Amino acid sequence: MNIVGITACIAGIAHTYIAKEKLVTAAKELGHSIKIETQGTIGVEDQLTPADVAAADVVIIAADIGVMNLERFVGKRKVEVPISVVMKSPKALIQKVEAKLAEG
Amino acid sequence: MKFRKHMMTGISYMIPIIVAGGLCMALARILGVVMGLTPEQIVAIGSDEGSFLWMINRIGGLAMTLVVPVLSGFIAYSIADRPGIGPGLVLGLVANEVKTGFLGGLVAAFLVGYFILFLKKHMKVPKSMQGLVPILFIPFISTLVVSMAMFLILGKPIAWVMETFTGMLVNMQNGGAKFGLGALIGGMLGFDLGGPMGKTASAFCNALLAEGIYGPSAAKIVSGMTPAIGIAVAVLVGGKKRWSIAERETAKTALPLGFCFITEGVIPFAAADPIRVIVSTMIGSAVAGGLTQVWGVECMVPHGGIFVVPIMTNPFGFLAALTIGSLITFVLFFILKFRKKAESGVSDVEDSTELDSLDLNF
């Protein structure tokens, strides 16, 4: 699976980046490719390019706040979860997403 | 759940403004002390127009006037996307105008946000005028209607709630309920760790500063510092075995922030385990806040953390309250969250309870 996603937390200094790490680690262990954009207080980092988005099978938004530029993902299969889900169970999340996608 | 997300978006964008503004105001007063000004002169910084200190203080004051508008603007943004920002900002100014502060800003932002969503969906205009909807009709109609509602209907009751609460705080300050007042302020700050309830309590303390009542400000500052210090120390003392690298890095960030009176560094811990964290921080903050009032600590500054302690009345009382409050939070959290091994990075077992209860919608 080719995953792209965004993480964003309230204070925008810690959880945003921890969640990114967790998703990336979990995805790699499960054999997926992944790119995550962070929207912290410092601003957007590792921005997803149109090519990233075009190549993605699924978009995972892990955020406790509203995220910016969602219009990029129009027409994409997209799932939104609270950031705590990624903190607690990144692998299970990705597996559940995969299962849902397989269902069609 | 959506409600919380919208509110948190507003707060997330509001935080840098409060920090910038509060620190500028605090800096003006600290520089005043360094330059050897008397307390009377320091209080009068704001009217000494054109002076160096006035400028720094004024930057802070101007920033503070933006706090509620940005809160409202970005709550409305979270609800209605881009069209929400403009009207939301204006509604924040209206909330300031009718003296409803944070509470009014919150209410107005939700109203205007959902009103804009409604307009987006249901407004029918001839095709030739379609282009005017986002640029003209939505901003104009939503701003006008909700602002008038604030002026005519909602402003008074919300302002009354705010005034009643402020009045209650003043009465407690003057009466025998000093510990209770400090504990109430502390409990509110310790409860949501920089969230809306804490910000509300802070807003009241700031309002009281303007009235020349300086005690609650000390309670506010101490109780905004103890959570981060107590929790961070508990994690760092707990050591590598019990806490993951990410958690200890978070604690290392939270600790200096705590000394600067920025509570938000604890939020990652609170989000992961709200009950244990909040019980620890609320009790620590409430005791610390109460003690400052009993010991007559006063602080003329709304912000500044450890750096403004020297300009407080009874700075040693403040430090004692800070130590006791942090210790209580530390001990409570250490006991409540006792564990032998770090939960992440050690085993592959994930807690998917929350995930299981979610229905993923694509």
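1. Among the contacts in chain A (heavy atoms within 4.5 Å) between residues at least 6 apart in sequence, 63% join residues at least 24 apart. In chain B, residues 24 or more positions apart account for 75% of the contacts with a separation of 6 or more.

2. This is a predicted model, in which local features need pLDDT of at least 70 and side-chain atom pairs count only at pLDDT 80 or more, while totals for chains, interfaces and linings use all residues. Residues are numbered from 1 along each chain as its sequence is written, chains are lettered from A and ligands numbered from 1 in the order in which they are written, and side-chain values use heavy atoms, with hydrogens and water left out.

3. Chain A contains four helices and five strands, where helices (H or I, at least four residues) and strands (E, at least two) are DSSP runs numbered from the N terminus. Along the sequence these elements are arranged as β-α-β-β-α-β-β-α-α. With a radius of gyration of 12 Å, close to the 13 Å that the globule rule gives for 104 residues, chain A is as compact as a globular protein of that length; the radius is taken over C-alpha atoms, and the rule is 2.2 Å times the number of residues to the power 0.38.

4. Chain B, by contrast in its make-up, has 15 helices and zero strands. Its radius of gyration is 22 Å, close to the 21 Å that the globule rule gives for 362 residues, so chain B is as compact as a globular protein of that length.

5. Buried residues (under 20% relative accessible area, with exposed over 50% and partly exposed in between, using a 1.4 Å probe and protein chains only) make up 56% of the 104 residues in chain A, and 51% of the 362 residues of chain B.

6. At the interface, 31 residues of chain B are in contact with 34 residues of chain A. The two chains bury about 2800 Å² between them, 62% of it on carbon and sulfur atoms; buried area here is the accessible area (1.4 Å probe) that two parts lose on being put together, summed over both. On the chain B side, Glu350(B), Leu360(B) and Phe362(B) lose the most area to chain A, together 25% of what that side buries.

7. Ser12(B), which lies in helix H1 (residues 2-34) of chain B, deserves a look. Leaving aside neighbours within four places in sequence, Ser12(B) is in contact with Cys9(A), Ile10(A) and Ile65(A), and Ser12(B) is buried, with a relative accessible area of 10%.
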